[in-house]
Amino acid sequence: MLTRFISLITILFLLNGLSINAQYQVNDNCLMAWEQIMDLKFNTAKETIHQELQQNPTNYYAYYLDQACDALELVIDPSEKIYTEFEDNFEKRMELMVDHDVESPYYLGCRSEMLLQMCIFNVLYGDKLSGIRKGYRAYKATYQNREEVPDFEMSKKLDGFFNIGVSNLPSFVRWAASVFGVSGNAEDGMNLLKGYYEHVKDTPGLNLDAAVYVILPYKLNKEPAKAYEFIQTIDTSVLRYKLINYFHINTAYRSGRNKLAYELLQDFDLAEIETQFLPYDYMMGKVLLRKLDKEALTHFQRYLRHTKNENYIKEIFYSIAQHYLVHGDIEQFKYYKLQAYENGKAVNERDRETLYDSELDYIPDPNLLRAKLLIDGGYFDRSEKYLEAFMKQGNDFSPYNLEYKLLRGRLLLSEGNTYGALTAFKKVLTEGEDAYYYFACEAAIKLGWIYLDTNKETAEEYFEKALDLYQSEFYEYLEEIAMREIKLLERN
């Protein structure tokens, strides 16, 4: 009798333990929802999540997934209205989850990532102070989890992302990191994120989320070529998911593989996506612009017609201005350059870069712009004729000549002519050091990269020179790349 009683108590205890642990179940429904989210099938994913909550009302992992779905949809099709709804739902979900199964590492893990998402949207939509507070709460929760449950993989993922994110904070929120005593190491962050990917790469759904968490930090760290290289290591079955597919296109474009980006875009089926997908028109416009294709304008105009958000407006208007300059219409260039200056917000980096372009005190030379776009896209052979056409014009204007030498150096480097590239970049540095343009700063970075393999001390001197030449109005990536390279050289 006593034995049966003890057995019954033991069974009840075990069942109770299972019930508590069941409040965070990464089960088949949740893994399926992850796949649907990453395939941009948001309506289908919502149905799966709601089905899970009907079956398991206390599976709080499903609430975390529900927000992940909404967050990605807000990124893809942003608007003030949807942002407000997202913020309201965030508060409701956090309230539903509070103090439930706090012993599970998923409690802090899920809440931390949800806070991080809300932090990013707060900053993007102008509520910087609230966003910074949520970011700090997410940071503290992550490292509390890391301390209490060191082997919990989800917190390793967030630890990695925080290391990268804090290392790449934009200048307008960088002060917050110093105030709160927050620091990050990009190299350690990437190692943690790659380790997390290796851990879950055979788990459908989680492997997609993990892949995104490697790709995005490479982009944050201004290393699109490494993001592209990572994508090449992913199983082809993963590449078929729409979000990963889009990142394949994006990283191909960002790393100078414009031809591949164009081919992949042509196979990208918008009919399979369960939301308005404006990133397609954004990317197709940018890719066609680098081809000097007149159809770029169609995609930029469609983007402007359908977007409900002010981010990327500056960038798109300036891209239209470049389109007109490339095709010889200077008056339309001036008009859209002014539109870029006056419209939209300067919150994201692309729009802040546009402010530099739209405030230039001269009109870019059309032939140099054509050459630059082609070189950026990897069309090196086509760019040569535009550089030659510029030289035939004969123009002593300093910014034009500095840009010509910078582009000539990039072209020579692509051809394997390192000596010629060194000569060109050094001329840019010497002649442009006192000019209030970014050319000399970028030339110093190019020189640093060339010397990395042969003379690390000289390389570091050039990166330091780039920092000395950097002005706050220049493209931010110049400062960030120089700082990153110096940190890496000092560590190694």
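Leaving aside neighbours within four places in sequence, Arg 370 is in contact (heavy atoms within 4.5 Å) with Leu 292, Leu 325, Val 326, Gly 328 and Tyr 386. Before I continue, please note that this is a predicted model, in which local features need pLDDT of at least 70, side-chain atom pairs count only at pLDDT 80 or more, and totals for chains, interfaces and linings use all residues. Residues are numbered from 1 along each chain as its sequence is written, and side-chain values use heavy atoms, with hydrogens and water left out.

Arg 370 belongs to helix H21, residues 366–377; helices are DSSP runs of H or I, at least four residues long, numbered from the N terminus. Is Arg 370 buried or exposed? Arg 370 is buried, where buried means under 20% relative accessible area, exposed over 50%, and partly exposed in between, with a 1.4 Å probe and protein chains only. A salt bridge here requires a side-chain nitrogen of Lys or Arg within 4 Å of a carboxyl oxygen of Asp or Glu.

Let me turn to the rings. The whole structure contains 40 aromatic pairs, defined for Phe, Tyr and Trp (its six-membered ring) by centres within 6.5 Å; planes under 30 degrees apart are stacked, over 60 edge-to-face, and the rest tilted. Tyr 356 and Phe 474 form an edge-to-face pair, at 5.9 Å between centres and 80° between planes. Tyr 356 lies in helix H20 and Phe 474 in the loop between helices H26 and H27, so this pair ties together parts 118 residues apart in sequence. Tyr 356 is buried at 7% relative accessible area, and Phe 474 is buried at 5%.

Finally, the charges. How many salt bridges does the structure hold? The count is 31. In one of them, Lys 81 and Glu 85 meet at 2.8 Å, N to O; both lie in helix H5, 4 residues apart, about one turn of the helix. Lys 81 is exposed at 60%, whereas Glu 85 is partly exposed at 38%. Glu 442 and Lys 446 form another, with closest N and O atoms 3.8 Å apart. Here Glu 442 is buried at 9%, and Lys 446 is buried at 16%.

Note on methods:
Helices (H or I, at least four residues) and strands (E, at least two) are DSSP runs, numbered from the N terminus. Lys and Arg count as positive and Asp and Glu as negative; His and the chain ends are not counted.
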